[in-house]
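User: I am new to this structure and would like to go through it in questions and answers. Please give each term its cut-offs when it comes up.

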Amino acid sequence: METNHRLGKGVLKKTFRLVIPIMNTPPQSPAILARRMFMKAMNELPRVIVNQENVARFTQDAVYAIFCDLLEDLLEKPPPRGPVKELAERIVAKLNPQMFVIALGFLESSTVFPAVKQAIPAVQARFNVIEYLMEELFTTTLYYSTVVTMEAFIASQDRKEEFARKLLKIFGIGIDGETQAESTATLENLDSVEMSKLSSELEVVIRKQIEDRLAAEEAAAKETRE
Amino acid sequence: MSSQQSYTTTWEMAKLTWSKYVRLQDPIILEDEGVLKKEAMLDELARFGLANLRVVVNLAEIKKEGLEDHVDTILAHEVGHHVLAPGNLVTLARLVNYLSGMFEANVAGYVVNIFTDLLVNDFLFMQRGLPVDEVYKKLKAAAIKRGTIIIADQFWSLYMRIYEVLWRLPAGTLTPPANASIDRDAKIAARVLRTYSKRWFTCLKNLAYIFKTYLPVDSTGLQYGLPLIDKVVAGNDALDKIGGFATLSDEEGDKPNARQYDGALSGKDKGVASHGVTNQPRMPTDYLNTLINIGAITDNERIRALIQYYTELAMPHVIPFPTIDRPTSEPINEGSDVWTVGEEMTDLDLFESIKESPVIIPGITTRKLVTGEDKGFEQQKVPVDIDIYQDTSGSMGDPASSLSYTTIAAFIIVISALRAGASVQATSWSGPDQAVSTSGFSRNKEEILKTILFYHGDGTQFPCQVLERYDKRPRNAPPVHIIVTSDDDISSMISDYEVKNKAGILEKKNGLETMKKAVERGKAKGSLLLCISTMNDGTKNTITTLQKIGFDFYNVFEWKQIIAWARAFSKKHFGS
């Protein structure tokens, strides 16, 4: 069994430089979910979770309790309290806890939960399931919330779909009607972290072009003066 | 059945794609090569005129590209330019002008066309499920057949790849597989479109930075790998439908600039605040050049457009049309008369009736009050005629190239005067013998406004000879108000000047004497509007002299202040 307890290490410090983290290879699960179903779940999240005015409600204790509930529902036994508490502390310190609660709310929704539950054995076969879920859910939410604001998440169907697909990928849940390659390509096009990286690349190109043009103009003007 | 008739149902369905409330004239279906050549749309599939709201379809080109089965999609696309983007001529003009710092005229128009096509096509594909991708697949197939796909430029590949990303089509569906940088830029462009689909100017700015790499600086190097679905044009009578373009909208605050990158792409998903420029005047050069670029006017119509520009800026300050008020009157009691059955019950005066007889017999003892009206007496207000002398020397600036507040002020006064029924004489003056004037006092608005816009750009010599026209002014004509604007020494208003007499010989006259005669004959008062920081003795002396014969004097620190004066003046003299 692979161990993957990397929380709080260097990978988190790199987040704000938008370096794509080395994620665990997701497990292959027999669970499949239709796009329509997971988008329904995203669009019908309880208002108490998505309302931005409620952000103060998502304290360390609240995050801890909600996460414990999810793990218990999935594993049908109480999770180890120490690591989960430690994670809840990090969540509140490092990222928007509301986004993390949205992730948990999505996984707990009636349309998504059965598929997630079905996927657990495949996860258990490869990883320490508690450590794996804590790390992947934390890292995915951290990177996502770094580049996508709550406003953008609420307003855009694409951003909701991106988050949903990322969360489902953690469990290796396939998308009904899509090959794995198609799902990967779709997520790649939707991926805000990837997009930030591409935008930074393009900005370098744009700035270089402008500098070159101005330098050429300056050189031409100098020649004319001489 | 003609082509026109056979597409009637298709057209109705195309309109229904958007809304049952869409009202547009039937499209013009063209197939004859001669007509298409005349309309300059041999290579276009369709065209939409924003001013006349008319769709023109090139059926020959549609057949050539194998798109007969997709006429419904093409027509729905045209309707989209009316319903969604750009929607109207002013928005098109604003979008094209917004890119003026990034691209040359034709290229900016081309980019805006691409941008609006992206918005419309994305809506039709994603929200209405129309097979817009099939249109582009057919275009691609036809291009492969012709062999032109090989020369399809990089920009076309980018454009098609954007659709592939937006619509989640496998790479290579609409264009040959693109290289890594095109793939990257298409993904970013697709993201920008979705993120800012409701904030067009921000969206267009981001797209412009992405497209810039692929497009030439000017239109000479602009090549299209494949034809666009259509072209959005201004259409006939466009100048009459461009109202609102003289001022900036708030979104136009952060114009993209080809010489400087403002980091717009990093603002994705976060929102970038724009500077408040709402209702600030646009520069006249931007106004005129954009109208020419979008085909709303030709080069020969610049003056007409300039009149519209300054009229639009003046209109918020112009007096409203005078209303005819009924004379104030009080009802006067003129006794009573018999009230008979059949008359209004409300007219029956019971008190008067009982006074006549305690027994009420309808039609005999019943009375009604009879009242008359005091029409009152109000003296009719006669508006003063305006004689305006606009300094158009070099220091005042050409109103066609820089914003001229004196021109706006003149427009406010002239339009207000004409509304109130007054006549106006306008003179644009500069150096000696440089004065263009209307043919006397006139109510011809176009002639007056054209004269005000005439620019000399030379020295400063007041045209006293124009004042000599007062000799022929009828005695019973309304009084005149003479308005003179200048930013320079105005002593020439009262100094000697030379003018040719009837025999063609130069004759010396005195400006002050001519002015006095004009004031006396025109029953005139006057206003001197100056913007002079340091006055010389000549100007000071002129002001004092003119004040003695009935002139007011106003010196402003900047010409912008003159607008408030013109507004107050118009209200005082022409307001009801």
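Analyst: A residue is buried if 20 or more other C-beta atoms lie within 10 Å of its own, exposed if 12 or fewer, and partly exposed in between, with C-beta atoms placed from the backbone. Helices (H or I, at least four residues) and strands (E, at least two) are DSSP runs numbered from the N terminus. This is a predicted model, in which local features need pLDDT of at least 70 and side-chain atom pairs count only at pLDDT 80 or more, while totals for chains, interfaces and linings use all residues. Residues are numbered from 1 along each chain as its sequence is written, and chains are lettered from A and ligands numbered from 1 in the order in which they are written.

User: What ipTM does the model score?
Analyst: Two scores are given for the model. Its pTM is 0.83, and its ipTM is 0.77.

User: Over which residues of chain B does pLDDT stay under 50?
Analyst: pLDDT is the predictor's confidence in each residue, from 0 to 100. Chain B has a mean of 88, and 91% of its residues reach 70 or more. Where pLDDT is low, the predicted coordinates should not be read in detail. In chain B, pLDDT stays under 50 over residues 268–273.

User: How many helices and strands does chain A have?
Analyst: Along the sequence, chain A reads α-β-α-α-α-α-α-α-α-α-α-β-α-α. Its secondary structure comes to twelve helices and two strands.

User: Which residues of helix H10 of chain A are buried?
Analyst: H10(A) covers residues 157–170. Its 14 residues reach 20 Å from first C-alpha to last, close to the expected 20 Å, where the expected span is 1.5 Å times one less than the number of residues. Just after H10(A), Gly172(A) has a positive phi of about 70°. The buried residues of the helix are Arg159(A), Lys160(A), Glu162(A), Phe163(A), Ala164(A), Lys166(A), Leu167(A), Leu168(A) and Ile170(A).

User: Is Lys94(A) buried, exposed or partly exposed, and why?
Analyst: Lys94(A) is found in helix H5 (residues 81–94) of chain A. Because Lys94(A) has 18 C-beta neighbours inside 10 Å, it counts as partly exposed.

User: How far apart do the C-alpha centres of the two domains of chain A lie?
Analyst: Domain bounds come from an automatic or database domain assignment. Chain A is divided into domain 1 (10–17 + 27–190) and domain 2 (191–226). The C-alpha centres of domain 1 of chain A and domain 2 of chain A lie apart by 39 Å.

User: Which element of chain A gives the most to the side that touches chain B?
Analyst: Two residues are in contact if their C-beta atoms, placed from the backbone, lie within 7 Å. By that rule, 21 residues of chain A are in contact with 20 residues of chain B. The elements giving two or more residues to this side of chain A are H11 and helix H12 (192–225). With 13 residues, the one that gives the most is H12(A).

User: Which elements are included in what covers the buried residues of H13(B)?
Analyst: Helix H13 of chain B covers residues 302–314. Among its buried residues are Leu306(B), Tyr309(B), Tyr310(B) and Leu313(B). The cover includes helix H12 (284–293), H15 and helix H16 (445–453) of chain B.

User: Which peptide bond is cis, with omega near 0°?
Analyst: Pro86(B) is placed in the loop between helix H5 (71–83) and helix H6 (89–98) of chain B. The cis bond, with omega near 0°, runs from Ala85(B) to Pro86(B).

User: What is phi of Arg168(B)?
Analyst: Arg168(B) lies in the loop between helix H9 (154–166) and helix H10 (180–195) of chain B. It counts as partly exposed because it has 14 C-beta neighbours inside 10 Å. Arg168(B) is a residue other than glycine, yet its phi is positive, near 55°.
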